[in-house]
Amino acid sequence: MAGVLGGQGVTAIVGAPLGSDGGLLYLADKAGIERREVGGGEAGVPVSTEIGFSGLALTSDGSLLYATQPVANRVAVFDTATNTVVRRMNQFGTAMKPTAIAVSPDGTRLYTASSEYSSISVLSATTGFVERTIPAPAGMGTASALSLTEDGSRLYVADGTQGTVWSIDTATYTTAVTVSGLGGPLKSLTVSDDGLTGYAAVGGDAAALKTIDIAKGVAIHSTPLGEAPSTTALLWLNQVLVALPSQAYIDIYYAPFAPEPELPFDGLVNGPVVGGIEGVEPKSMGPGFTFTYQWYAGHYSPAMHRYDGQPVPGATSRVFRPTEAQMGAEMRVYVYTHGVGLAPGSTFCDFANPVLGPMLPRTPTISGRAAVGSTVKAKVGSWGPHTKVGFSYQWFAGKKAIHGATRASLRIGKATAGKKVRLRVTGKQYTSRKSALSRYTKKVKR
């Protein structure tokens, strides 16, 4: 366990999103909001000197920071590049006195909890208007924390009066109790990006950090904390931050990594082609482990030893069918292993050959005089843009293949006299083959 200099009275923590600076976090305390480096002892960069912030949320690109101020009854929106307020949103109705907050992955919706209502409010991220109110399940108290899965499909809510977590399906807005009986009021809650594991900060006489199996709805591990924590946050892959009121450091608890996936190959012999199907199939790792995938398109620089690929939107399956958008790109697929209570293990597979366009066979033509002793030649032409096709040839006299006639030209022999000549061209691109036949010539003259 290591520490992050945080200052006493921390009320909210949020970590920078994946793809930005992984050592960055924002925290709210009695002095306002600061940006700090994980593991660093230096003073933080002030974002705001206002006080009374109780919840923080970052957009997926890290450009905007949302901060709730329940006493002032509003949400402040900060530009993280300039650390300035770009707008303030006053809350109405069930969104009064906002405490906890979460922002959808696309940045269009906010979810807020209220200190006065058990329900959760769905707001427009640009106007702050309440678009929907989601009633809490029967018996639930006011929420102390909100945590969205990475894909935004499910929102988890911590009950601030008892040891219960409930969830909201953000597509249908249906609610369900996820886990109960955690041993005390929940001060905070954070859920891993894959939605498998939750970490709940439990207050009361038996203060602890509880690790939750989300699917089974049970706590699988409990770490005593000595005092009721003020908040928690999941930072990056396996770091859970826990702030305690009495100390000036935020503690870091590490979850073990899942084993690295095993792939049967590093790259494919068959290069990717637009419209073709590429895929990976990691070796099974037994019960309790699942895999997820993300395909990237880019280019690898041998000189720099660097791959500049960007994720392909929606390409999260074991198999991938390249489109024209990936033409010329070198593909990479990341494979992640997931297990409850474990940070995802990962590996990747490179497809060294660039994505090519599909072969579009053209009817070959034959030039030259069809007569004994003359030479005829094949004209093949292009089989499509952005292709890399190798050609092979077979000449025919009538329907019978001419032995040894496998070049792009043919010197017509006496045995072919009186017969019509035809050519078959076969194109090969990676391991794919396609053929095309020419028209017959006139009968070969003697």
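**Close-up views of a predicted model**

**View 1. Surroundings of Thr-170.** Leaving aside residues up to four places away in sequence, Thr-170 touches Arg-109, Tyr-111, Leu-148, Gly-152, Ser-153, Arg-154 and Leu-155, where contact means heavy atoms within 4.5 Å. The model is predicted: local features need pLDDT of at least 70 and side-chain atom pairs count only at pLDDT 80 or more, while totals for chains, interfaces and linings use all residues. Residues are numbered from 1 along each chain as its sequence is written, and side-chain values use heavy atoms, with hydrogens and water left out. Thr-170 sits in the loop between β16 (165–169) and β17 (175–179); strands (E, at least two residues) and helices (H or I, at least four) are DSSP runs numbered from the N terminus. With 6% relative accessibility, Thr-170 counts as buried; the classes are buried under 20% relative accessible area, exposed over 50% and partly exposed in between (1.4 Å probe, protein chains only). A polar atom of the Thr-170 side chain lies 2.6 Å from the backbone oxygen of Gly-152.

**View 2. Salt bridge between Arg-154 and Asp-169.** The side chains of Arg-154 and Asp-169 meet in a salt bridge at 3.8 Å, N to O. Arg-154 belongs to strand β15 (residues 154–159) and Asp-169 to strand β16, so the pair ties together parts that are 15 residues apart in sequence. Arg-154 counts as partly exposed at 27% relative accessibility, whereas Asp-169 counts as buried at 19%. A salt bridge is a side-chain nitrogen of Lys or Arg within 4 Å of a carboxyl oxygen of Asp or Glu, and the structure holds 6 of them.

**View 3. Further salt bridges.** Glu-34 and Arg-36 meet through their side chains in a salt bridge of 2.7 Å, N to O. Glu-34 is buried, with a relative accessible area of 18%, and Arg-36 is buried at 11%. The salt bridge between the side chains of Glu-281 and Arg-318 has an N to O distance of 4.0 Å. This pair links distant parts of the chain, 37 residues apart: Glu-281 is in the loop between β25 (278–279) and β26 (290–298), and Arg-318 is in the loop between β29 (310–311) and β30 (319–320). Glu-281 counts as exposed at 53% relative accessibility, and Arg-318 as partly exposed at 32%. Elsewhere, a network of salt bridges links Glu-50, Arg-74 and Arg-88.

**View 4. Strand β20 and its two partners.** In strand β20 (residues 208–213), 6 of the 6 residues are buried, so the strand is largely enclosed by the rest of the structure. Asp-213 in β20 is the bridge partner of Thr-197. The hairpin of β19 and β20 has 5 residues between the strands, and Gly-204 takes a positive phi near 85° there. β20 also runs antiparallel to strand β21 (residues 218–224), joined by 6 bridges, with Asp-213 opposite Val-218 of β21. In the hairpin of β20 and β21, with 4 residues between them, Gly-217 in the turn has a positive phi of about 70°.

**View 5. Cluster of aromatic rings.** Ring pairs link Tyr-296, Tyr-334, Tyr-336 and Phe-348 into a cluster. Rings of Phe, Tyr and Trp (its six-membered ring) pair if their centres lie within 6.5 Å; planes under 30 degrees apart count as stacked, over 60 as edge-to-face and the rest as tilted. The structure holds 7 aromatic pairs. Tyr-296 and Tyr-334 have ring centres 5.0 Å apart and planes at 65°, so the pair is edge-to-face. Tyr-296 is in strand β26 and Tyr-334 in strand β31 (residues 330–338), 38 residues apart. The rings of Tyr-334 and Tyr-336 have centres 6.4 Å apart and planes at 20°, so this pair is stacked. Tyr-296 counts as buried at 18% relative accessibility, and Tyr-336 as partly exposed at 25%.

**View 6. Nonpolar cores.** A nonpolar core is a set of buried Ala, Val, Leu, Ile, Met, Phe, Trp, Tyr and Cys residues joined through side-chain atoms within 4.5 Å. In the largest core, of 18 residues, Trp-383, Tyr-393, Trp-395, Ile-402, Leu-410, Leu-423 and Val-425 touch the most other members. Strands β34 (375–379), β35 (390–397) and β38 (421–429) each supply at least two residues of this core. A second, separate core has 16 residues, including Ala-102, Tyr-111, Ile-120 and Val-122.

Technical notes:
Polar contact = N/O pair within 3.5 Å; in protein donor to acceptor, adjacent residues only side chain to side chain. Pairing = 2+ DSSP bridges.
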